[in-house]
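Let's take a friendly walk through a protein model. Keep the picture open beside the text and find each part as we come to it.

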Amino acid sequence: MQFDPNSLFLFCVAGAVILFVIAQSVFFLVRAYRRGCAIGMDKAVLRRTVLSTAVFTVAPAVSILLGVITLAKFLGIPLPWVRLSIIGAITYELPAATTTAQALGVSLSETITDPRVYSAIAWVMTLGIMPGMFVVLFALKKMQHGILKLKTKDSKWGDLFLTSLFLGMISAFLGMVFSDIRSGLPGFIPIFVLLFSALLMGICGFLIRRCGWKWLETYALTVSMLGSLVFAVIITPLIG
Amino acid sequence: MKSYDDRTHTVGRIWMALAISVVLAVPVSICVYYNAWPSLTAVLKGLLGVAPIFWTVGIIEVFTYGPMLGSGGSYLAFVTGNITNLKAPSALNAMENARVRPGSEEGEIISTIAIATSSLVTTAVIALGVLGLSFLTPLLNDPVLKPAFDNILPALFGGLAVVYISKNWKIALTPAVFMVVLFLCVPSLSSSVGILVPVGALISIGMARLLYKKGLV
């Protein structure tokens, strides 16, 4: 059988996986919304969460779409579409595909036409990222109960513990922004973008607190992110 | 009667088990349909290049992000992926806006709603993008827009950092300085930032504990 990485069959497989992701997301969304209403949370807050997250997600989602386009050049559309819609991230999928292709002595400069190479890449992409799912399946409940115990025992320390986890994540990404500065002025662009994003967030905070622009609270992170992306587009040609 | 949290784990585990089956069904169906089973050596060679680091990161991520995202959010985020660059910031931002604490039932609900919404929007954006690929590819690959897509993470974390660091600067100072110095000394670590998230978290927790014991936070 002639192999086509953009075949109807592969699109049907991708479609089935996407439907599963949609079903699971809708299930958890409706369940959490209903629970929120049941325990007396303000419906307006719940709706605002949906709206602000939806708006905020668009730009990062477009960058994920770029990952699909990058991988589609040699893997066709369906497999990257599946991989980046379920567990995957471009930071993992690209090295997984490249390593397997190299191991098989295949170039990724053109579309794969050998089904065995394609299936080997599909297996590596799948198996290489699955352990986290098994850990969630078997260990999450125990871990969450541990956190609950910690919070019950000492509520303030429990809150500080969770805040520290967030700060650890933010610190790692703050540090990463500085990794290119040895390459000269263009290496400073991510730092300028980060600082501009921080500045915009600061201005949003000022407008919310001092000018009473409460509506901006929902969109402050989106504004700071999109504003600094526009800033990146403007300064990069000037600096780089 | 089971609590909401216990029921979340029950349904979450069912969804997770289904997700594992669905994920595995993709390569199996490709192999069966095209009668193209790869050699074990080929798969092992490929895995050897990625598994040591990504298995480690994948396992550590559960212990780092699980407590942040809550139960429902974790069962969903660890299926839909893109946790660091999308789901965790979404949950964080939503909980901050709704003024609920992570780890509380309200935090669990808001985090789950944010992650589910983010997953749905991402799925829709990718689906629309795939449908309009011929139109969108030249636009998205335009060199003018490239700097924007190259700087998504700094743009995202700059705003988040202001909110979180300004509120907890005493705890944040040490891990932030440590990470900046580390990346300045070893720039190549930027490709494995996932491993450094738990390192940053451990330093933060240590610092928080110290300050808490001394009554400074």
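This is a predicted model: local features need pLDDT of at least 70, side-chain atom pairs count only at pLDDT 80 or more; totals for chains, interfaces and linings use all residues.

Just after helix 3 of chain A, residue A:I87 takes a positive phi of about 60°. Residues are numbered from 1 along each chain as its sequence is written, chains are lettered from A and ligands numbered from 1 in the order in which they are written, and side-chain values use heavy atoms, leaving out hydrogens and water. When we speak of helices (H or I, at least four residues) and strands (E, at least two), we mean DSSP runs, numbered from the N terminus.

The buried residues are A:P78, A:L79, A:P80, A:W81, A:V82, A:R83, A:L84 and A:S85.

Let's pick one of them, A:P80, which has its place in helix 3 of chain A. How far is A:P80 buried, in terms of relative accessible area? The value is 0%, so A:P80 counts as buried. Leaving aside its neighbours within four places in sequence, A:P80 is in contact (heavy atoms within 4.5 Å) with A:V68, A:L71, A:A72 and A:L75. A:P80 and A:A14 are 66 residues apart in sequence, yet their C-alpha atoms are 9.2 Å apart in space.

Zooming out, chain A is divided into domain 1 (8–129), domain 2 (140–176) and domain 3 (177–240); such bounds come from an automatic or database domain assignment. The C-alpha centres of domain 2 and domain 3 of chain A are separated by 27 Å. Four residues of domain 2 of chain A touch four residues of domain 3 of chain A.

Chain B has nine helices and zero strands, and its C-alpha atoms fill a box of roughly 65 × 55 × 40 Å along the principal axes. Of its 217 residues, 57% count as buried. Among contacts in chain B between residues at least 6 apart in sequence, 56% join residues at least 24 apart. Chain B is divided into domain 1 (140–167) and domain 2 (168–217), whose C-alpha centres lie 20 Å apart.

B:N35, in the loop between helix 1 (4–34) and helix 2 of chain B, has a positive phi near 50° in a residue other than glycine. B:N82 lies in the loop between helix 2 and helix 3 (83–98) of chain B, and B:N82 also has a positive phi of about 50° although it is not a glycine. Is B:N35 buried or exposed? At 58% relative accessibility, B:N35 counts as exposed. B:N82, at 5%, counts as buried.

Finally, let's see how helices from the two chains pack together. Helix 1 (residues 8–38) of chain A and helix 2 (residues 40–80) of chain B pack at about 165°, with axes 11 Å apart. Axes are lines fitted to C-alpha atoms, for helices over the stretch in contact, and angles run from 0 to 180 degrees between N-to-C directions. These two helices are therefore roughly antiparallel, since angles over 145 degrees count as roughly antiparallel, under 35 as roughly parallel, 65 to 115 as roughly perpendicular and the rest as oblique. Helix 1 of chain A passes helix 2 of chain B in a left-handed crossing: the near helix is turned anticlockwise from the far one by less than a right angle, whereas clockwise would be right-handed.

Helix 1 of chain A also packs against helix 4 (residues 105–131) of chain B, at about 150° with axes 8 Å apart. The crossing of helix 1 of chain A and helix 4 of chain B is left-handed. By contrast, helix 4 (residues 90–103) of chain A crosses helix 2 of chain B in a right-handed way.

Methods
Buried means under 20% relative accessible area, exposed over 50%, partly exposed in between (1.4 Å probe, protein chains only).
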